[in-house]
Every structure is written in structure tokens, then in C-alpha cells.
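The following exercises concern a single protein chain. Please work through each task with the coordinates open before reading its solution.

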Amino acid sequence: MVDHDLTPGGRVTYYMTSPEGERYAGYWLITAVDAPRGLSFDDDFAHDDLTPNPQMPVSKDVYTFTAHDGGTRVTYASTYPSAEALQQVLDMGMVEGATGAINQIDGFVAA
């Protein structure tokens with residue numbers, strides 16, 4: 001992450017790095033925080049200088065955290081403005097990227 005303001009109206013900027021070393025910029029605009037139960041944000045792509053990339057779709061995201069069997073169940077929901085916008089990010093490898101990121105969480109929590 002580059003900037004991390006996890007308050008309503010705040011912005012979180014970041015770079016994602018592919019296994020091949022390619023770097024992609026993005027940012028979240030925080031719309032709601034209900035600590036420790038969840039948060040909502042708009043997730044958008046950015047140019048390398050972290051300015052918004054209006055040619056890319058913006059998703060509305062809701063993350064919720066609930067107690068479950070002595071641990072925490074996390075639910076991620078992303079909504080896109082159209083089927084075409086969703087298809088655009090699917091074609092870019094969003095499922096593979098999200099799966100790779102999510103599979104790293106246990107290691108981060110354990111560290």
C-alpha cells in the first residue's frame with residue numbers, strides 16, 4: 001500500500017504485482033467503516049502515478065467479518081455497473097489475481 005486512510009471518505013492507494021513482476025495501480029475510496037464488522041468502498045484502477053483511470057470500471061465492494069467456529073468468516077462482495085464491466089475485469093484475470101491475494105491472508109495473519 002502507498003496510502004492508507006481507512007475512514008469514511010478516505011482513500012487507500014496500492015500497487016498489485018503479478019507473479020511475472022508486472023505492477024498495476026489501484027485505489028479504494030472508503031464509503032463506510034463498521035469496525036470490526038466490515039467496510040465498504042469503491043475500488044478503481046489507477047494510472048502508475050495513482051491518478052484515476054476513467055477507462056476502467058469501478059466496483060462497489062462490501063467486506064464483512066463474522067465470528068465462525070472459533071475464527072472469522074470473511075465475505076467479499078463486488079458489484080460492477082454492467083455485465084460488460086464485469087467481463088472486462090474477468091478477461092484481465094481478476095479471478096486469478098483475487099484468488100492469489102486471498103490465499104496469502106493466512107500467512108500474513110500468522111506472521
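Predicted model: local features only at pLDDT ≥ 70, side-chain atom pairs only at ≥ 80, totals over all residues.

Residues are numbered from 1 along each chain as its sequence is written, and side-chain values use heavy atoms, with hydrogens and water left out.

**Exercise 1. Confidence**

Determine the mean pLDDT of the chain and the elements with the lowest and highest mean values.

Solution. Begin with the scale: pLDDT is the predictor's confidence in each residue, from 0 to 100. The chain has a mean pLDDT of 92, and 99% of its residues reach 70 or more. Next, compare the elements: the lowest mean, 83, belongs to helix H3 (residues 105-110), and the highest, 97, to strand E4 (residues 38-46).

**Exercise 2. Architecture and overall dimensions**

Solution. Helices (H or I, at least four residues) and strands (E, at least two) are DSSP runs, numbered from the N terminus. Along the principal axes, the C-alpha atoms fill a box of roughly 40 × 30 × 30 Å.

**Exercise 3. Backbone geometry**

Locate the cis peptide bond and describe the phi values of Leu 50 and Asp 69.

Solution. The reference point is that most residues other than glycine have a negative phi, and most peptide bonds are trans. A cis bond, with omega about -5°, joins Ala 35 and Pro 36; Pro 36 is in the loop between strand E3 (23-34) and E4. Leu 50 has a positive phi, near 70°, and lies in the loop between E4 and E5. Asp 69 also has a positive phi, near 50°, in the loop between E5 and E6.

**Exercise 4. Exposure in the loops**

Are Leu 50, Asp 69 and Gly 70 buried or exposed?

Solution. Apply the cut-offs: buried means under 20% relative accessible area, exposed over 50%, and partly exposed in between (1.4 Å probe, protein chains only). Leu 50 is buried because its relative accessibility is 11%. Asp 69 is exposed, at 74%. Gly 70, in the loop between strand E5 (59-68) and strand E6 (71-79), is exposed as well, at 89%. For the chain, 25% of the 111 residues count as buried.

**Exercise 5. The surroundings of Phe 45**

Which residues does Phe 45 touch, not counting those up to four places away in sequence?

Solution. First place the residue: Phe 45 belongs to strand E4. Then apply the contact criterion, heavy atoms within 4.5 Å. The partners are Ala 25, Gly 26, Tyr 27, Pro 52, Asn 53, Met 56, Pro 57, Val 89 and Met 92. Finally, consider two C-alpha distances. Phe 45 and Thr 13, 32 residues apart in sequence, are 9.8 Å apart in space.
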